[in-house]
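Please consult the sequence and the structure shown here while reading.

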Amino acid sequence: MRSRWIIVAGAFVALGIAGLAFRTGTDAKPLPPASEAYPTVADGVTVGETTGPWRAPAGLKQIPIWPRGAPDMADQPRKPERVSVSATPDALSSKVSEGVYDVTEPTMTVYPPRGRNTGAAMIVFPGGGFRVVVITSEGTEICNWITAQGITCILSKYRVPGGNDYWNPACRCQITPKIPRALQDAQRTIRLVRARARELGVQPNKIGVIGFSAGGYLVAQTSNILAPAYAPVDDIDKISSRPDFAIALYPGHLCRKGDAWDPTIRVTKNTPPTFLLQAWDDPVDPICNSTLYARALDAADVPTEVHLFAKGGHAFTMRNRAHPVAMWPSLVERWLAEIGVVGAPPSASSP
């Protein structure tokens, strides 16, 4: 069986994809504007704002991904990058969370693995409705977990706002930009990591992506849109931007009006092994974002693992401990072992 689905609604039920009957988004809540989905950084109380680029934690290397500035910016307004700080008592390493706005100079921040280096790397695409980069709960905290697994983490700070399909509060309408700048940044980051694999201590065939919400959409895009979304700028752009494995948590933008599939995402047998996870009660991105993608992956014979939880809402990241969805990091760890990215998975008798 090439695909596995797990639905959690009080107990585990393991089902094969071919025989699974499930609802899509017909009774899901409509997608709210991104401005409502992310009223502040992480549903906290805004306590301050700084003007100037977001800086990586001390001791980490933050690298501009474009050698001469990001492409296709001639007609774009350039507001100063700013960082909004919110009080979030549930934050894992402090009591505040940060969100980055008006990014015009995208970067990648390298988090070296802790302990044994598995040779794998994972690029993190935070969410934020393509209006903000939710850099703490869906970025730095995720990298801390990833590096604890012996995996190099690459945190992507991509261009916002308007770098991809987004809600515009001015017209109260959904807008798809002609130039997908966030996708450009995502593709370039994958290529850059692969180009610097030896320097980073990474195997070039063990470079994966993980994304949350809007970042999950970047996971789907980079997994399936392999043609460059920009004109090449140097020899690095001759390198493949296809990730070797892909993880999307509560992805958005894939399920369009009327539960229609995003026509720009064409899943093929070349799509990398994929892990999908979402809560059924997600009030922001309907469950059809995951179920429709899972069906497309299965139809293309792509190795896929899918976990659907009864409760968890949206943007649960690593902070929601009230429901079984909190086990998602261990599920990802086991999957990475099963597909050979890291060591052997724990035995069935292991806790």
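## The disulfide of Cys143 and Cys153

The torsion about the S-S bond of Cys143 and Cys153 is about -55 degrees, so this disulfide is left-handed. Distant parts of the chain are linked by the pair: Cys143 belongs to helix H2 (residues 136–148), Cys153 belongs to strand E9 (residues 152–157), and the two cysteines are ten residues apart. The distance from S to S is 2.0 Å. The model is a predicted one, and these values are computed from it.

Both partners can be classed by accessibility. Cys143 has a relative accessibility of 0% and therefore counts as buried. Cys153 likewise counts as buried, because its relative accessibility is 0%.

## The disulfide of Cys171 and Cys173

Cys171 is joined to Cys173 by a disulfide with an S to S distance of 1.9 Å. The torsion about this S-S bond is -70 degrees, and the link of Cys171 and Cys173 is left-handed.

Are these two cysteines buried, partly exposed or exposed? Cys171 has a relative accessibility of 39%, so Cys171 counts as partly exposed. Cys173, with a relative accessible area of 26%, is partly exposed.

## The disulfide of Cys255 and Cys288

A disulfide also connects Cys255 with Cys288, at 2.1 Å from S to S. The link of Cys255 and Cys288 is left-handed, with -95 degrees about the S-S bond. Because Cys255 lies in strand E14 (residues 255–256) and Cys288 in helix H6 (residues 288–299), the pair ties together parts that are 33 residues apart in sequence. Cys255 and Cys288 are both buried.

## Pairing across the chain

How many disulfides does a search of the whole structure find? The search finds three. When the bonded cysteines of the protein chain are numbered in sequence order, they pair as 1-2, 3-4, 5-6.

## The largest pocket

The volume of the largest pocket is about 550 Å³. Its lining consists of 24 residues, and those closest to the pocket centre are Gln76, Val160, Pro161, Gly162 and Tyr166.

Which element gives the most to the lining of the largest pocket? Strand E10 (residues 166–168) does, with three residues. By residue class, the lining of the largest pocket comprises twelve nonpolar, seven charged and five polar residues.

Technical notes. Residues are numbered from 1 along each chain as its sequence is written. This is a predicted model: local features need pLDDT of at least 70, side-chain atom pairs count only at pLDDT 80 or more; totals for chains, interfaces and linings use all residues. Side-chain values use heavy atoms; hydrogens and water are left out. A disulfide is a pair of cysteine sulfur atoms within 2.5 Å. Helices (H or I, at least four residues) and strands (E, at least two) are DSSP runs, numbered from the N terminus. Buried means under 20% relative accessible area, exposed over 50%, partly exposed in between (1.4 Å probe, protein chains only). On a 1 Å grid over the protein atoms alone, a cavity is a set of points where a 1.4 Å probe fits but cannot get out, and a pocket is an open set with protein on both sides within 12 Å along at least five of seven lines; lining residues have an atom within 4 Å of a point. Grid points are joined across faces, edges and corners, and a volume is the space filled by probe spheres set on the points. Ala, Val, Leu, Ile, Met, Phe, Trp, Tyr, Cys and Pro count as nonpolar, Asp, Glu, Lys and Arg as charged, and the others, Gly among them, as polar.
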